[in-house]
Amino acid sequence: MGTTQDPLSKAFAALADPIRRDIIARLTIGDATVSDLAAPYDVSLQAVSKHLKVLEDAGLVTRSRDAQRRPVHLESEVLGSMTTWIERHQRQAEHRMARLEEVLGDLPSPPQDTTTGADR
């Protein structure tokens, strides 16, 4: 069995790391260079580049050439497919919970214990 993952699994796996999630959040504001993205972290540029490679392999970001700069760009359609997957399963879970509440609401109430601790 190979280690090839489907695109959705790769995207979720890439977002398992808090630095990568933060990079994605920052890229929602606009494209940025590796140096810009590395600035707030106490890690090397090489470490941030490795995080970007994981995000790139998952299809979440792309890098382009703009003269001497290589801006990193967020591929928002991948986030959209992740959101669609989450929302679909959230709706199914909510429907299941609503059905459970309906079934529980149809059950007769248990008899009320009218005795107090002193009466026992």
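Q: How many helices and strands are in the chain?
A: There are five helices and two strands in the chain, and since this is a predicted model, everything said here describes a prediction.

Q: Which residues touch the most other members in the largest nonpolar core?
A: That core has 21 residues, and the ones touching the most other members are I23, L27, L37, V48, L52, L55 and L60. The elements that each give two or more residues to this core are α1 (7–14), α2 (18–27), α3 (34–38), α4 (45–57), β2 (72–74) and α5 (76–106).

Q: Let's take I23, what does it touch?
A: If residues up to four places away in sequence are not counted, I23 touches L37, Y41, V48, H51, L52 and L55.

Q: Where is H51 found, then?
A: H51 is found in helix α4.

Q: Is H51 buried or exposed?
A: H51 counts as buried, because its relative accessibility is 13% and the cut-off for buried is under 20%.

Q: What does the side chain of H51 join up with in a polar contact?
A: The side chain of H51 is joined to that of R20 by a polar contact of 3.1 Å. Leaving aside neighbours within four places in sequence, H51 is in contact with D17, I19, R20 and I23.

Q: New topic: how many salt bridges does the count come to?
A: The count comes to three salt bridges. In one of them the side chains of K53 and D57 meet at 2.9 Å, N to O; in another, R63 and E56 meet at 3.3 Å; and E102 and R99 meet at 2.9 Å.

Q: Why are K53 and D57 about one helical turn apart?
A: K53 and D57 are separated by about one helical turn because they are four residues apart in helix α4. K53 is partly exposed at 44% relative accessibility, and D57 is partly exposed at 43%.

Q: How many residues apart are E102 and R99?
A: E102 and R99 are three residues apart in helix α5, so they too are separated by about one helical turn.

Q: Last one, which residues make the nonpolar surface patch?
A: The patch, of about 380 Å², is made by M97, L100, L104 and L107. Among them, L100 is found in helix α5 and is partly exposed, with a relative accessible area of 42%.

How values were computed. Residues numbered from 1 in each chain as written. Predicted model: local features only at pLDDT ≥ 70, side-chain atom pairs only at ≥ 80, totals over all residues. Heavy atoms only, no water. Core = buried A, V, L, I, M, F, W, Y, C linked by side-chain atoms within 4.5 Å. Buried < 20%, exposed > 50% of the residue type's maximum accessible area, 1.4 Å probe, protein only. Contact = heavy atoms within 4.5 Å. Polar contact = N/O pair within 3.5 Å; in protein donor to acceptor, adjacent residues only side chain to side chain. Patch = residues over 30% accessible without salt bridge, like charges linked within 9 Å, V, L, I, M, F, W, Y side chains within 5 Å. Areas by Shrake-Rupley, 256 points an atom, 1.4 Å probe, with all protein chains shown as cover. Salt bridge = Lys/Arg side-chain N within 4 Å of Asp/Glu carboxyl O.
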